[in-house]
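This briefing describes how two chains are arranged and how they meet.

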Amino acid sequence: MAQVVPFAEEINSLNTDILAVSFGTPYWANVWLEETEAPFPIWLDPEKESYEVYGMITSKWAAWGPSNLWFYAKAFLRGEKTKGDRGETGQMGGNFIIDKDGIVRFAYPSKNPADRPEVAKMMQVLRELERRG
Amino acid sequence: MAKIKVGQIAPDLKLMTKEEEPIQLSQAWGNGRNVLIIFLRHLA
């Protein structure tokens with residue numbers, strides 16, 4: 001999510017809204033919005049049905065594998081703090097672009113917590129959608 | 001686990017707002033605009 005925020009205005013200018021989805025509680029969703037100042041809404045799916053249907057991975061190994069441990073080790077060395085148990089460590093996230101007609105134009109279920117899609121690729125898809133009109 | 005493919009119709013599901021009001025996911029793209037959906041793994 002953090003890698004998208006700096007591009008939010010440009011994304012919006014490409015006839016595209018941004019929506020965060022979480023399986024967290026309304027309380028933590030409000031805390032998250034205050035802390036991140038994310039300029040887009042968050043909707044909730046406590047049963048994680050959308051995570052299942054959209055193919056998000058659940059894997060304890062992915063969460064605690066070497067690449068993720070290295071990711072958090074670097075964050076620790078930078079002095080960043082983790083936020084406890086505001087989620088489920090084995091649940092991965094993902095990014096999807098749906099066009100205005102409801103067609104999937106980009107699908108990226110993350111393989112591990114440190115795995116993020118390149119913003120440039122998502123912007124390329126959005127610019128192409130804008131070009132087509 | 002389902003695999004979503006580029007080009008397919010996006011599945012629609014019932015979610016809720018943070019005010020706990022029910023809302024259809026399709027409302028995110030049913031307004032003439034595209035949507036980038038970010039599924040979060042935690043709220044941190």
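In which sense, parallel or antiparallel, do strand β2 of chain A and β1(B) pair, and over how many bridges? In this predicted model, β2 of chain A, residues 42-44, and β1(B) pair in the antiparallel sense over 2 bridges. The pairing belongs to an open sheet of 7 strands with mixed pairing, to which strands of chain A and of chain B contribute. The points below treat the chains, the sheet, the interface and the nonpolar core in turn.

**The two chains**

- Chain A contains 6 helices and 4 strands, and its elements follow the order α-β-α-β-α-α-α-β-β-α from the N terminus on.
- Of the 133 residues in chain A, 28% count as buried.
- Among the contacts in chain A with a separation of 6 or more, 57% are accounted for by residues 24 or more positions apart.
- Chain B has 0 helices and 3 strands, with the pattern β-β-β along its sequence.
- Chain B has 44 residues, of which 34% are buried.
- A box of roughly 30 × 25 × 15 Å, taken along the principal axes, is filled by the C-alpha atoms of chain B.

- The edge strands, each pairing on one side only, are β4 of chain A and β2 of chain B, the latter spanning residues 22-24.
- On average, neighbouring strands of this sheet are turned by 30° against each other, direction ignored.
- α2(A) packs on the sheet and touches β1 and β2 of chain A. The direction of α2(A) makes about 165° with that of β2(A).

**Strand pairing in detail**

- β1(A) pairs with β3(B) in the parallel sense over 6 bridges. Within β3(B), B:Val35 is the residue that stands opposite A:Asp17.
- β1(A) also pairs with β2(A), in the parallel sense and over 3 bridges.
- The chain passes from β1(A) through α2(A) to β2(A) in a right-handed β-α-β crossover.
- β1(A) is mostly covered, with 6 of its 7 residues buried.

**The interface between the chains**

- Contacts between the chains involve 35 residues of chain B and 54 residues of chain A.
- On the side of chain B that touches chain A, β1 (14-17) and β3 (34-39) of chain B each supply at least two residues.
- The largest share of that side, 6 residues, comes from β3(B).
- By class, the side of chain B that touches chain A comprises 22 nonpolar, 7 polar and 6 charged residues.

**The largest nonpolar core**

- The largest nonpolar core has 34 residues, and A:Leu19, A:Val21, B:Leu36, B:Ile37 and B:Phe39 touch the most other members.
- At least two residues of this core come from each of β1 (16-22), α2 (26-36), β2, β3 (94-98), β4 (104-109) and α6 (119-132) of chain A, and from β3 of chain B.
- The largest share of this core, 5 residues, is supplied by β3(B).
- Leaving aside neighbours within four places in sequence, B:Phe39 is in contact with A:Val21, A:Tyr51, A:Tyr54, A:Met56, A:Gly93 and A:Gly94.

**A loop position in chain A**

- A:Ala114 lies in the loop between β4 and α6 of chain A.
- Why does A:Ala114 count as partly exposed? A:Ala114 has 16 other C-beta atoms within 10 Å and is therefore partly exposed, since a buried residue needs 20 or more and an exposed one has 12 or fewer.
- A:Ala114 and A:Ala73 are 41 residues apart along the chain, and their C-alpha atoms are separated by 12 Å.

Technical notes: Residues numbered from 1 in each chain as written. Chains lettered and ligands numbered in written order. Predicted model: local features only at pLDDT ≥ 70, side-chain atom pairs only at ≥ 80, totals over all residues. Contact = placed C-beta atoms within 7 Å. Nonpolar A, V, L, I, M, F, W, Y, C, P; charged D, E, K, R; others polar. Pairing = 2+ DSSP bridges. Core = buried A, V, L, I, M, F, W, Y, C linked by C-beta atoms within 7 Å. Axes fitted to C-alpha atoms, helices over the stretch in contact; angles between N-to-C directions. Right-handed = clockwise from strand over helix to strand, strands pointing away.
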